[in-house]
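User: I would like to go through this structure step by step. Could you begin with a term that will be needed later?

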Amino acid sequence: MTSPLPLPDEERRAAQLSSVPDFDADTPLAAQLAVDTRRKISLSGVTFEPPSQTRVLTVANQKGGVGKTTTAVNIAAALARAGQQVLVIDNDPQGNASTALGVEHDRDAVSLYDVLLGEAAMHEVVRDSTFAPNLLCVPATIDLSGAEIELVSVDSRETRLRTALRSYLVHRAENGLPRLDYVFIDCPPSLGLLTVNAFTAAAEVLIPIQCEYYALEGLSQLLRNIDLIKEHLNPALEVSTILLTMSDTRTNLAREVAMEVRGHFPEQTLPTVIPRSVRISEAPSYGQTVIQYDPSSSGALAYAQAARELSTREARRIA
């Protein structure tokens with residue numbers, strides 16, 4: 001008797017997914033386990049199609065503690081693991097994105113500060129992450145905290161990052177380096193000149209929103225500032241993506257916040273919600289993303305799924 005032929009990957013995944021039972025909110029642990037199992041099956045061995053051109057996304061929210069840096073580095077790592085060429089620009093003086101990617105950023109390091117002040121080209125500053133050679137980082141040092149003051153009297157102070165990034169993309173092409181598929185710019189929790197530079201350099205804005213009370217507080221001001229940037233500096237800028245973070249699905253509040261955000265931004269909000277996760281919080285202390293630290297954890301699988309959803313959206317042209 002001959003053995004049956006193995007199923008193609010898509011049919012095999014579909015068969016495995018259909019075997020996972022459904023659970024409702026009355027059994028939250030079982031429901032989360034089922035979600036994780038489905039994500040692990042659907043993401044196993046999958047590579048993402050690269051965008052037709054480099055996508056530049058600024059990750060911003062003026063509220064602190066909503067998961068901006070965590071979102072930037074983990075979606076970047078998930079895309080890199082799926083075969084994409086990715087650059088993270090650490091535009092926050094705290095340098096947390098640099099830490100999570102395992103990139104040195106002590107005060108003596110050449111960093112984004114030197115790029116913005118015109119003392120170094122971006123290709124001189126870019127460093128490999130510890131995650132993979134196709135995940136790169138422009139580190140930030142504490143000196144970046146003084147850049148906003150030093151840039152006040154500098155010509156074209158709002159577009160320094162855009163100019164440097166464009167030059168870097170040209171440098172890669174001229175030197176036979178692979179084209180970048182994604183650039184993520186991690187911003188500080190403020191709407192100062194560093195964030196203005198990030199908005200001017202990007203075509204898309206990714207806004208993480210925490211699933212907590214007052215989740216939408218301050219968002220109207222952020223959107224007004226984005227409109228001002230569009231009007232005066234970067235007409236191509238759009239809020240393309242909203243990601244719900246730090247969700248505790250056991251609570252009614254988290255579900256209500258998710259419904260409210262989706263009601264206001266139905267097209268921009270990704271289907272995947274990032275859960276609260278100890279693993280996500282632990283990973284940076286090891287100089288890693290959660291994608292590297294514990295790839296089978298709920299948080300890592302959620303970020304990987306969010307990255308897949310983001311990759312399927314239409315790429316926007318660099319401004």
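Analyst: Contact means heavy atoms within 4.5 Å. This is a predicted model, in which local features need pLDDT of at least 70 and side-chain atom pairs count only at pLDDT 80 or more, while totals for chains, interfaces and linings use all residues. Residues are numbered from 1 along each chain as its sequence is written, and side-chain values use heavy atoms, with hydrogens and water left out.

User: Which residues is Leu-180 in contact with, leaving aside neighbours within four places in sequence?

Analyst: Leu-180 is in contact with Thr-54, Gln-85, Val-86, Leu-87, Leu-136, Tyr-168, Leu-169 and Arg-172. Thr-54 is 126 residues from Leu-180 in sequence, yet their C-alpha atoms are 5.8 Å apart in space.

User: Where is Leu-180 found, and is Leu-180 buried or exposed?

Analyst: Leu-180 is found in the loop between α7 and β5 (182–186). Helices (H or I, at least four residues) and strands (E, at least two) are DSSP runs, numbered from the N terminus. Leu-180 counts as buried because its relative accessibility is 1%; buried means under 20% relative accessible area, exposed over 50%, and partly exposed in between, with a 1.4 Å probe and protein chains only.

User: And what does Asn-134 touch?

Analyst: Not counting residues up to four places away in sequence, Asn-134 touches Ala-80, Gly-83, Gln-84, Gln-85 and Val-86. Asn-134 has its place in the loop between β3 (127–128) and β4 (135–138), and with a relative accessible area of 13% Asn-134 is buried.

User: Let us turn to the whole chain. How many helices and strands are there?

Analyst: The chain has 13 helices and eight strands. Of its 319 residues, 50% count as buried. Among contacts in the chain with a separation of 6 or more, 80% come from residues 24 or more positions apart.

User: Why is helix α8 described as largely enclosed?

Analyst: Nine of the nine residues of α8 (residues 193–201) are buried, so this helix is largely enclosed by the rest of the structure. Among them are Leu-193, Val-196, Asn-197 and Phe-199.

User: How much space lies in the largest pocket?

Analyst: The largest pocket holds about 500 Å³ of space. It has 29 lining residues, and the closest to its centre are Gly-67, Lys-68, Thr-69, Thr-70 and Met-246. On a 1 Å grid over the protein atoms alone, a pocket is an open set of points where a 1.4 Å probe fits, with protein on both sides within 12 Å along at least five of seven lines; lining residues have an atom within 4 Å of a point. Grid points are joined across faces, edges and corners, and a volume is the space filled by probe spheres set on the points.

User: Which element gives the most to that lining?

Analyst: Helix α3 gives the most to the lining of the largest pocket, with five residues.

User: What about Met-246: where is that residue found?

Analyst: Met-246 is found in strand β7. Its phi is near 55°, a positive value in a residue other than glycine. At 23% relative accessibility, Met-246 counts as partly exposed.

User: Lastly, how many disulfides does a search of the whole structure find?

Analyst: The search finds zero disulfides, a disulfide being a pair of cysteine sulfur atoms within 2.5 Å. Cys-187 is buried, with a relative accessible area of 0%, and Cys-211 also counts as buried, at 3%.
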